[in-house]
Amino acid sequence: GWRSRAAFKLQEIDDRFHILKRGARVVDLGCAPGGWVQMAQSRGAAHVVGVDLLPVDPIPGADMIEADFTDPAIPARLMEMMGDKPDVVLSDLAHNTVGHRQTDHLKIMGLLELASDFALDNLKPGGAFVAKAFQGGETEHLLLKLKLAFRDVKHFKPKSSRADSSEIYIVAQGFKG
Ligand code: SAM
């Protein structure tokens, strides 16, 4: 079985955008408990590298570390584990909300910025970036940056994402390198 309901969100994203090609090399940011790793593998990913603050039970074919992605040493560590430029960078990063709107907003944006910088620095040309974002988030600047770097940038709200949640996903394809 799938380790998370989140797995179905990635399934819907991939059904629509076909980002997970056979043999793909994938980095998964915020990978616990591993649902996206499982889904990426079931769609043909050859090598998945992941990071999360929480420990993740091992999955054959995936390398996952327990670490804080905001630690400046971690991006290089993930790339070392990957060995070569990834075809796909996934980010489902989300912190535990503290309930203070501005604080939560800043944290969400901070994680999203870091994830997108990681994708821009490391993706293989032609590659794809998928990241959790939030409606009403001040993502204008970030979207502009992504639109310059990718052929195609879209927003997508999976049906399996609760309708009352402001969560949406950014799907960027065709990295120009
Ligand atoms: N996609 C996952 C799946 O299908 O199993 C679910 C991911 S869950 C929605 C978000 C994850 O982001 C949590 O497990 C959380 O621990 C992780 N996270 C939040 N902040 C993080 C950080 N700074 N570094 C690493 N992981 C982080």
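Predicted model: local features only at pLDDT ≥ 70, side-chain atom pairs only at ≥ 80, totals over all residues.
1. From α4, the residues involved are L112, E113, S116 and L120. They meet L142, L146 and A149 in α5. By class, this contact has five nonpolar residues, one polar and one charged.

2. Next, the geometry of that pair. Two packed helices are described by the angle between their axes and by the distance between those axes. Helix α4 covers residues 101–122, and helix α5 covers residues 140–149. Their axes lie 11 Å apart. The packing angle is about 15 degrees. Angles under 35 degrees count as roughly parallel, and α4 and α5 are therefore roughly parallel to each other. The crossing of α4 and α5 is left-handed.

3. On the α1 side, A6, A7, L10 and Q11 take part. On the α2 side, their partners are G35, W36, Q38 and M39. This contact of α1 with α2 divides into five nonpolar and three polar residues, with no charged ones.

4. How do the axes of α1 and α2 cross? They come within 8 Å, at an angle of roughly 35 degrees. The crossing of α1 past α2 is right-handed.

5. Now the ligand. Which residues come nearest to the ligand? They are S4, A6, G30, G35 and D92, out of 22 residues around the ligand.

6. What is the make-up of the shell around the ligand by class? Twelve of its residues are nonpolar. Six are polar, and four are charged.

7. For the overall layout, count the elements. The protein chain has five helices and seven strands. Read along the sequence, the pattern is α-β-α-β-β-α-β-α-β-α-β-β.

8. Last, the dimensions. The C-alpha trace of the protein chain spans about 40 × 35 × 35 Å along its principal axes. Why does the radius of gyration agree with a compact globule? With 177 residues, such a globule would have a radius of gyration near 16 Å. The protein chain has 15 Å, so the value agrees.

Key: Residues numbered from 1 in each chain as written. Near = placed C-beta within 6 Å. Nonpolar A, V, L, I, M, F, W, Y, C, P; charged D, E, K, R; others polar. Axes fitted to C-alpha atoms, helices over the stretch in contact; angles between N-to-C directions. Helix = DSSP H or I, 4+ residues; strand = E, 2+ residues; numbered from the N terminus. Parallel < 35°, antiparallel > 145°, perpendicular 65-115°, else oblique. Left-handed = near helix turned anticlockwise from the far one by under 90°. Contact = placed C-beta atoms within 7 Å. Rg over C-alpha atoms; globule rule 2.2 N^0.38 Å.
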